[in-house]
Amino acid sequence: MNVKEARVYIGPISVDEGKPQFVVSMAILDAFQNFRGVVIATIDAGAMQRVVDSLSAVGEGGRAYAVDKRGVVVAHPDFSNVLAERDFSFVPIVAHIRDDGKSPDFRKPYENELGQKVLGSFSSVRLNLEGIVPMPFDTQWFIVAEQSSAVALASVNNLIFVALGVLLFASVLAATSSLFIAKNIVKPVETLHKTMTKFGRGEFKSRVKIKTGDEIEDLARSFNSMAEDLERYHADLEEAKATLEIKVQARTKELKELTDQQEEIIKQRTKEIKERMEELERFHKLAVGRELKMIELKEEIKKLKNAGT
């Protein structure tokens, strides 16, 4: 499953060290809906077991259990079925789920895994994660609600009306339990996902407030601890950035002053060199003039000597 495209993925329930659990993955998007990462959590599926236990305790001869799309039991009043990951595909209603889980139209009595004659109905567990996926989506879990035919027929003789009444009860029971499971298992993960998305957008004061007493709360505490560390680190970075900017400005000012001083020194030296060159040029002209005069005097002396001879 590509979480980047599907936005959310819920894995199958498996048993690890006697504890049913499953993996939930949700995509993290920024303010422009660009993919930035994935939240991955391993969730205790004990909430689903508590749901079927409480529902099975309501009424005489009634019970509920949960299976996945493969027909494997994921929650059951007899927890040994969960630990054994027992396949209930031989039960007619579960076989119907496995073959055609989209149609809840199953309206005939059947024998369950205990060999009891029952009437039943089922409902898929649907999740509505607003802000993560645009439409509610079906998980691979199904709640099956059963009512003993003997109990149902004890007070009336008309099987049709009894079946309709029992099926209605089972349907409502299955739908209610699926909503309860969605709320108690996935809602905390959704809360964690939303908070992490805010944190990814730069809201470093965001914290997760979850009180579930299970691994999700542990994950939330770990995230909050990490968030506090990152917030402090971000504050330190901002402080270091401000300090660096001040130092850069001060150093820039020093360099400018030094450059100005060097330019002034260069100007002064250039002026001194120019004056020295002008002085040398005057000296050179003077020296050349004296040399020419000396030559002229020598010529005059030579002429005088020749004339005296």
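**Figure 1. Polar contacts of the Glu 146 side chain in the predicted model.** The side chain of Glu 146 makes a polar contact with that of Tyr 110 at 2.8 Å. A second polar contact, of 3.4 Å, connects the side chains of Glu 146 and Asn 112. A polar contact is a pair of N or O atoms within 3.5 Å; within protein, one atom must be able to donate a hydrogen and the other to accept it, and residues adjacent in sequence count only if both atoms are side-chain atoms. Glu 146 is located in strand 9; strands (E, at least two residues) and helices (H or I, at least four) are DSSP runs numbered from the N terminus. Glu 146 is classed as buried because its relative accessible area is 2%, where buried means under 20%, exposed over 50% and partly exposed in between (1.4 Å probe, protein chains only). The model is predicted, so local features need pLDDT of at least 70 and side-chain atom pairs count only at pLDDT 80 or more, whereas totals for chains, interfaces and linings use all residues. Residues are numbered from 1 along each chain as its sequence is written, and side-chain values use heavy atoms, with hydrogens and water left out.

**Figure 2. The salt bridge between Arg 63 and Glu 146.** The closest N and O atoms of Arg 63 and Glu 146 are 3.0 Å apart; a salt bridge is a side-chain nitrogen of Lys or Arg within 4 Å of a carboxyl oxygen of Asp or Glu. This pair links distant parts of the chain, with Arg 63 in strand 5 (residues 62-68) and Glu 146 in strand 9, 83 residues apart. Arg 63 and Glu 146 are both buried. A network of salt bridges links Arg 63, Glu 113 and Glu 146. By the stated rule, the model has nine salt bridges.

**Figure 3. Salt bridges Arg 98 to Asp 99 and Glu 279 to Arg 276.** The side chains of Arg 98 and Asp 99 form a salt bridge with an N to O distance of 3.5 Å. Arg 98 is partly exposed, at 36% relative accessibility, whereas Asp 99 is exposed, at 59%. In the salt bridge of Glu 279 with Arg 276, the closest N and O atoms are 3.5 Å apart. Because Glu 279 and Arg 276 lie three residues apart in helix 7 (residues 215-308), about one helical turn separates them. Glu 279 is partly exposed, with a relative accessible area of 40%, and Arg 276 is partly exposed as well, with 47%.

**Figure 4. Aromatic pairs.** The model contains three aromatic pairs, defined as rings of Phe, Tyr and Trp (its six-membered ring) with centres within 6.5 Å; planes under 30 degrees apart count as stacked, over 60 as edge-to-face and the rest as tilted. The rings of Phe 88 and Phe 90 form a tilted pair, because their planes stand at 55 degrees, with the centres 5.8 Å apart. Phe 88 is buried, at 0% relative accessible area, while Phe 90 is partly exposed, at 49%. Phe 122 and Phe 142 form an edge-to-face pair, 6.2 Å centre to centre and with 70 degrees between the planes. This pair joins distant parts of the chain: Phe 122 belongs to strand 8 (residues 117-127) and Phe 142 to strand 9 (residues 137-148), 20 residues apart. Phe 122 is buried at 4% relative accessibility, and Phe 142 is buried at 5%. Ring pairs also connect Tyr 65, Phe 88 and Phe 90 into a cluster.

Figure 5. A nonpolar core is a set of buried Ala, Val, Leu, Ile, Met, Phe, Trp, Tyr and Cys residues joined through side-chain atoms within 4.5 Å. The largest has 17 residues, of which Ile 13, Phe 22, Val 24, Met 48, Ala 66 and Trp 141 touch the most other members. Strand 1 (8-10), strand 3 (19-29), strand 4, helix 2 (46-56), strand 6 (73-75) and strand 9 each contribute at least two residues to this core. Strand 3 gives the most, with three residues. Another core, of 15 residues, lies apart from it and includes Ile 93, Ile 97, Phe 106 and Val 144. Ile 43 lies in strand 4 (residues 35-44) and is buried, at 1% relative accessibility. Ile 43 and Val 23 are 20 residues apart in sequence, and their C-alpha atoms are 6.1 Å apart in space.
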